[in-house]
Amino acid sequence: MIFEILRNTPVWVYLLFAYLLWMGLKRLQPSVRDVRRVYIVPAVFIVWGLYGLVQRGDQLPHAGWNWLIGAALGAALGLLLQQRIEVDRLRGRVLQPASVVPLLRNLAIFGSHYLLNVAAAIHPRESAGYLAWDMIVSGLGAGYFFGWAVRFALAYRAAPQVDLDGGCSSPVPLRG
């Protein structure tokens with residue numbers, strides 16, 4: 001049965017999984033990145049979360065409420081979690097310290113979506129319940145990354161200028 005599930009999984013799911021795994025593994029080491037690239041994974045999850053809502057649009061308002069509950073919880077979490085960054089505005093770069101959180105977060109959200117959709121496909125009679133939870137996960141992912149992006153932007157603006165090619169200063173706390 002597992003091979004049947006894997007065989008019927010669309011190719012884009014494998015590509016997305018590989019990308020999220022790769023990005024999470026990269027964050028296990030400190031990295032200096034272009035500030036615009038920092039927003040790629042959040043954008044992927046926000047779009048995926050909104051796509052989940054649009055995909056279940058025929059089930060509104062019930063699906064919409066589930067999505068909004070997840071989004072509110074996710075946004076609160078995204079605003080609360082802390083991270084430290086250093087900023088080089090002259091070059092448009094940011095230093096992000098090593099962290100296992102992005103890897104675990106990416107895998108948890110992706111895995112939840114995947115498992116809920118597989119469960120809905122395997123058990124069609126109970127699919128409404130699985131898909132309701134998937135709407136919560138969709139909202140949670142989109143909300144979390146929206147909250148994280150807001151906190152990142154605020155921390156970026158508040159951080160002192162640092163020369164990431166040689167200079168150092170103390171990192172600024174970031175929630176998200």
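**Reading the helices**

Guide: Gladly, and keep in mind that this is a predicted model.

Visitor: Which residues in α4 are buried?

Guide: Buried here means under 20% relative accessible area. In α4 the buried residues are Val41, Pro42, Phe45, Trp48, Gly49 and Gly52. Looking down the axis of α4, you find these buried residues within an arc of 130°, so they line one face of the helix.

Visitor: And which residues are exposed on the other side of α4?

Guide: Those are Val47 and Val54.

Visitor: Why does Val47 count as exposed?

Guide: The cut-off for exposed is over 50%, and Val47 counts as exposed because its relative accessibility is 55%. Val47 also lets you compare sequence with space: Val47 and Ile5 are 42 residues apart in sequence, and their C-alpha atoms are 25 Å apart.

Visitor: What covers the buried residues of α4?

Guide: The cover includes five helices: α2 (11–26), α3 (35–38), α5 (62–80), α6 (101–122) and α7 (127–158).

Visitor: How should I describe two helices that pack together?

Guide: Two packed helices are described by the angle between their axes and by the distance between those axes. Take α2 and α6: their axes come within 7 Å and cross at roughly 160°. That angle is over 145 degrees, which means α2 is roughly antiparallel to α6. The crossing of α2 past α6 is left-handed.

Visitor: Which residues in α2 and α6 meet?

Guide: From α2 come Val13, Leu16, Phe17, Leu20, Leu21, Gly24 and Leu25. They meet Pro102, Leu103, Asn106, Leu107, Phe110 and Tyr114 of α6.

Visitor: Now let me step back. How many helices and strands are in the chain?

Guide: The chain has 7 helices and 4 strands, and along the sequence they follow the pattern α-α-β-α-α-α-β-β-α-α-β. The C-alpha trace spans about 60 × 35 × 20 Å along its principal axes.

Visitor: What share of the residues in the chain is buried?

Guide: Of the 176 residues, 42% are buried. For contacts, look at pairs of residues at least 6 apart in sequence: 80% of those contacts join residues at least 24 apart.

Terms used: Residues are numbered from 1 along each chain as its sequence is written. This is a predicted model: local features need pLDDT of at least 70, side-chain atom pairs count only at pLDDT 80 or more; totals for chains, interfaces and linings use all residues. Side-chain values use heavy atoms; hydrogens and water are left out. Buried means under 20% relative accessible area, exposed over 50%, partly exposed in between (1.4 Å probe, protein chains only). Helices (H or I, at least four residues) and strands (E, at least two) are DSSP runs, numbered from the N terminus. The arc is that of the directions from the helix axis to the C-beta atoms. Contact means heavy atoms within 4.5 Å. Axes are lines fitted to C-alpha atoms, for helices over the stretch in contact, and angles run from 0 to 180 degrees between N-to-C directions. Angles under 35 degrees count as roughly parallel, over 145 as roughly antiparallel, 65 to 115 as roughly perpendicular and the rest as oblique. A crossing is left-handed if the near helix is turned anticlockwise from the far one by less than a right angle, and right-handed if clockwise.
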